[in-house]
Amino acid sequence: MPQLRVISFDLTGTLLSLSPSLGVLCANAMRELGLEDVPPPAIFDAEKKRAQRTVRAKGIAPTSEAHSREYWRAMLWEIFAGRVPTALFPKACETIYARIADAASWRADPAAKNALEAAAFLGLRRAALSNGDARWRNALEKLGLAPLFDEIFLSSETGLAKPDSAAFEHLCLAMKIRRGELMHVGDSLANDVVPAHAAGAEAVWLTRAPDGAPPEQRVSVIESLAELPKILQARQCAEFSRRHFPRRTRNLLALLRGLPEEQAPDPATLVAKKGGSETVARKRERVEEAAFSPDRKFDVPAELIDALLRSRGIFRGSAQSVILEAWEKIVPAKFAARCVPAELRDGLGTLVVSCENSVVRQQLEFEKTALLKKIRSLPNCGNVRKIIFSNEYGA
């Protein structure tokens, strides 16, 4: 597991949002032009994603200030869909473009500052990675978020726009990190999650308005930025465990949490290191285990382990242990072996269930109400109010 060094954030839809929405700006622009039969703003907002896909399919991307204007012009043409006369369309575009340039038209997610500060507290450098232009930088400065970033990468300045994975590669080169040392947070599956994985980075999908099923690769799924600090803390703990504890200890903790064990590499698949008989994989194993050889004392007090397990809500009679024991009775038989109750969060009020893949996750979503009812009927489980299904199987 590579050491996590940098976390990058998408801006629009993740950290920032237009207030009023783009749909309201479009409706107001039509009224200012004196046009009648103005559709509700929700109609324009619903057209936004379709318009973005259409414009991207035409190869138009905001890779410079000039191209940004072209991109927005093309997108608004698709959104208005003939509702604005051709002669008045340029004025409507300029009106909306200017409104978006006004920092007063933007608001930050209530949890944005806390998420950025938590990342800094955990020793991570922070970057913004957005398909935006100078208007986005202006919004970050006026909202007081710009100083919380180490770097800001806007497509109009770098010449690279998501979903091109080169945008992520450029960030890694600029910040002098390996691809596996980057985690990207975004609300778009197509623009953030998939290209981040393609570039070799980790991804966190913010599912305010899911635009598809998550990919087969492991991806962390959150419903609010307020959940991100816990994701980062868990990632840092897993990284620490990987560096400082042998596989036996890691598998013990996995067993206690009801998660699959980490398997040792198959010796038959190891490739011999050039110039020597020891394989690269075996050398890594030897170095990892060396710190815990019998020649070196490493004693963990029993009370420390007990405190650790209790802090995770794992002890006999606890809500998590009760759920683990009854899991095969709670979940339909065909899914019981393909998902596990990973942990209880938010004061033991939210159960996180790790699923083998997106198909299992989607099927369990349909059963969520019934599953929650069964869980709440178990001893010590009355406080469970919510279930989150994640594709982090075995994380």
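Modeller: Helix axes are lines fitted to C-alpha atoms over the stretch in contact, and angles run from 0 to 180 degrees between N-to-C directions. Helices are DSSP runs (H or I, at least four residues), numbered from the N terminus. This is a predicted model, where local features need pLDDT of at least 70, side-chain atom pairs count only at pLDDT 80 or more, and totals for chains, interfaces and linings use all residues. Residues are numbered from 1 along each chain as its sequence is written, and side-chain values use heavy atoms, with hydrogens and water left out.

Biologist: At what angle do helix H1 and helix H3 pack?

Modeller: About 75°, with the axes of H1 (residues 22–32) and H3 (residues 65–80) 12 Å apart. Angles of 65 to 115 degrees count as roughly perpendicular, so H1 and H3 are roughly perpendicular to each other.

Biologist: Which residues in H1 and H3 meet?

Modeller: Contact means heavy atoms within 4.5 Å. Leu22, Cys26 and Met30 in H1 meet Trp72, Met75, Leu76, Ile79 and Phe80 in H3. By class, this contact has eight nonpolar, no polar and no charged residues. Nonpolar covers Ala, Val, Leu, Ile, Met, Phe, Trp, Tyr, Cys and Pro; charged covers Asp, Glu, Lys and Arg; the others, Gly among them, are polar.

Biologist: Is Pro229 buried or exposed?

Modeller: Buried means under 20% relative accessible area, exposed over 50%, partly exposed in between (1.4 Å probe, protein chains only). Pro229 has 18% relative accessibility, so it counts as buried. Pro229 lies in helix H10 (residues 228–244). Leaving aside neighbours within four places in sequence, Pro229 contacts Asn114, Ala115 and Ala118.

Technical notes
Helices (H or I, at least four residues) and strands (E, at least two) are DSSP runs, numbered from the N terminus. Angles under 35 degrees count as roughly parallel, over 145 as roughly antiparallel, 65 to 115 as roughly perpendicular and the rest as oblique.
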